[in-house]
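Here is a short tour of a model for you to follow along with on screen.

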Amino acid sequence: MSTPTHPTITPERTALLAMDFQNGIVPLAPDADALVERVKGAIADVRAAGGTIGYVRVAFTENDWATIPETNKAFTAVAAGKMLHHEDPATQIDERIAPAHGDIVVRKTRYGSASTTDLHQQLTDRGIDTLVLTGISTSGVVLSTLIDAADRDYRIYVLSDGIADPDPKTHQVLVDNVFPSRAHVIDTTELRGLLHSA
């Protein structure tokens with residue numbers, strides 16, 4: 001069986017997005033510590049190659065809670081419970097992969113990374129046309145961000161060992177059956193190879 005080939009990555013036009021790797025969410029991932037270490041390595045690889053690193057966290061102000069309509073099935077519960085306040089330790093990015101000077105950092109109030117942030121504009125301003133997605137959870141931020149990014153015509157890579165979901169079956173269906181139609185599904189070792197071949 002032939003090995004699938006993936007387009008070459010041009011680091012200066014590429015951003016790795018570390019999504020929802022925050023203190024209150026990381027523990028929900030299966031084998032969380034190993035996941036964070038793999039993502040830490042991928043961040044280092046992309047950074048060393050000259051790529052951009054972006055961080056996305058979900059967190060709310062009092063005004064954010066007040067503007068969530070009752071039609072939003074997922075986030076009305078967040079608002080009602082006054083959950084994930086933007087200053088709460090649970091919403092801060094895991095210090096093991098903390099942002100560095102010059103990285104993109106956005107705060108979102110929905111599943112996807114771009115619908116409630118200026119992420120797309122920041123990426124556009126830097127000439128980014130390729131995204132490498134990592135995140136928790138596969139069925140939440142990763143799925144939502146991937147679909148939105150595909151509709152915006154980004155070239156997308158999903159790191160199969162850089163994403164996780166509390167439900168392993170859902171994770172596997174998405175990785176095997178849904179993501180490949182919109183993205184190149186690779187692992188962190190393949191990413192390193194693509195960066196070195198650039």
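## Helices H5 and H6

In this predicted model, H5 and helix H6 (residues 168-178) pack at an angle of about 25°, with their axes 10 Å apart. The two helices are therefore roughly parallel to each other; angles under 35 degrees count as roughly parallel, over 145 as roughly antiparallel, 65 to 115 as roughly perpendicular and the rest as oblique. Axes here are lines fitted to C-alpha atoms, for helices over the stretch in contact, and angles run from 0 to 180 degrees between N-to-C directions. Helices (H or I, at least four residues) and strands (E, at least two) are DSSP runs, numbered from the N terminus.

On the H5 side, Thr138, Ser139 and Leu143 make the contact, and they meet Thr170, His171, Leu174, Val175 and Val178 of H6; contact means heavy atoms within 4.5 Å. Sorted by class, these residues are four nonpolar, four polar and no charged. The classes are simple: Ala, Val, Leu, Ile, Met, Phe, Trp, Tyr, Cys and Pro count as nonpolar, Asp, Glu, Lys and Arg as charged, and the others, Gly among them, as polar.

## Threonine 145 in H5

Threonine 145 also belongs to H5, which covers residues 138-151. With a relative accessible area of 5%, threonine 145 is buried (buried means under 20% relative accessible area, exposed over 50%, partly exposed in between, with a 1.4 Å probe and protein chains only). Setting aside residues up to four places away in sequence, threonine 145 touches Leu17, Met19, Gly112, Ser113 and Leu133.

Just after H1, glycine 50 has a positive phi of about 100°.

Which residues of H1 are buried? They are Ala32, Leu35, Val36, Val39, Ala42, Ile43, Asp45 and Val46. These buried residues pack against strands E1 (14-19), E2 (52-58), E4 (130-136) and E5 (155-164), and against helix H7 (188-196). H1 and H7 pack at an angle of about 5°, their axes 10 Å apart, which makes H1 roughly parallel to H7. Arg38, Ala42, Asp45 and Val46 of H1 form this contact with Thr188, Leu191, Arg192 and Leu195 of H7. By class, the H1 contact with H7 has four nonpolar, one polar and three charged residues.

## Phenylalanine 75 in H3

Phenylalanine 75 lies in helix H3 (residues 75-80) and, at 7% relative accessibility, counts as buried. Beyond its neighbours within four places in sequence, phenylalanine 75 is in contact with Phe60, Ile68, Thr109, Arg110 and Tyr111.

## The whole chain

The protein chain has seven helices and six strands, in the order β-α-β-α-α-β-α-β-α-β-α-β-α from the N terminus. Of its 198 residues, 47% count as buried. A compact globule with 198 residues would have a radius of gyration near 16 Å, and the protein chain agrees at 16 Å; the radius is taken over C-alpha atoms, and the globule rule is 2.2 Å times the number of residues to the power 0.38.

## How the values were made

Residues are numbered from 1 along each chain as its sequence is written, and side-chain values use heavy atoms, with hydrogens and water left out. Local features need pLDDT of at least 70, side-chain atom pairs count only at pLDDT 80 or more, and totals for chains, interfaces and linings use all residues.
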